[in-house]
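Q: I am new to this structure and would like a close look at a single part of it. Could you walk me through how helices pack and how charged side chains pair up here?

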Amino acid sequence: MTIAEQLAAELTDAMKTKDAPRRDVIRQVQTEAATARSQPDFEGPVDDAFYQKVIASYVKKMDKSRSEYADLGERGAAMANKLAFEVDYLSRWLPEKMGEEETRALIKETILELGVAGDERAAGRVTGHLMKSRGEDLDGGLVNRLVREELQTG
């Protein structure tokens, strides 16, 4: 079953069970997908890879917003919880990201491969190289943090 078919089935179930949070996030993803398809520069099939890209983009935006709401404390707690649910719910359709230990090993390997020393430009170069070559497997925030740590201690 494709992601689009799974989302449609989940939406039907959410409406039948009156599960508003699930219904709302699925509708939002469908809206994001429709918007992406209607862009003048859009080309290619509307397949699982397309939906994974749309979901990943949405999850990234919502995760950033979630942390901003969480920083507001009690005032932003309800919205932070709603966004945390959305991120968690949609993550099942995204490819699994590398963990911290695997990412750190890959970073050490890349630093040796590129032969860089510890400065800001080197950190940007290592991060850029990793995100271009393995970005779909990596958490960008984690990579950024670990690269800076490795170049400071390395």
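A: What follows looks at one helix pair and then at some salt bridges.

Please keep in mind that this is a predicted model. Let us start with helix α2, which covers residues 20–38, and helix α3, which covers residues 48–71. Two packed helices are described by the angle between their axes and by the distance between those axes. For α2 and α3 the angle is about 115°, and the axes lie 10 Å apart. Their crossing is right-handed. On the α2 side, the contact is made by V25, Q28, V29, E32, A33, A36 and R37. Facing them from α3 are F50, Y51, V54, I55, Y58 and K61.

Another one pairs R145 with E100, whose closest N and O atoms are 3.5 Å apart. Here the partners come from distant parts of the chain: R145 sits in helix α7 (residues 140–153) and E100 in helix α5 (residues 100–114), 45 residues apart. R145 has a relative accessible area of 38%, which means that R145 is partly exposed. E100 is partly exposed as well, with a relative accessible area of 38%.

Helices α7 and α5 are also linked by E149 and R104, again 45 residues apart. The side chains of E149 and R104 meet in a salt bridge of 3.0 Å, taken from N to O. E149 counts as partly exposed at 29% relative accessibility, and R104 does so at 22%.

Finally, some salt bridges share partners, and through them E10, D13, D19, R22 and R92 are joined into one network.

Notes. Residues numbered from 1 in each chain as written. Predicted model: local features only at pLDDT ≥ 70, side-chain atom pairs only at ≥ 80, totals over all residues. Heavy atoms only, no water. Axes fitted to C-alpha atoms, helices over the stretch in contact; angles between N-to-C directions. Helix = DSSP H or I, 4+ residues; strand = E, 2+ residues; numbered from the N terminus. Left-handed = near helix turned anticlockwise from the far one by under 90°. Contact = heavy atoms within 4.5 Å. Salt bridge = Lys/Arg side-chain N within 4 Å of Asp/Glu carboxyl O. Buried < 20%, exposed > 50% of the residue type's maximum accessible area, 1.4 Å probe, protein only.
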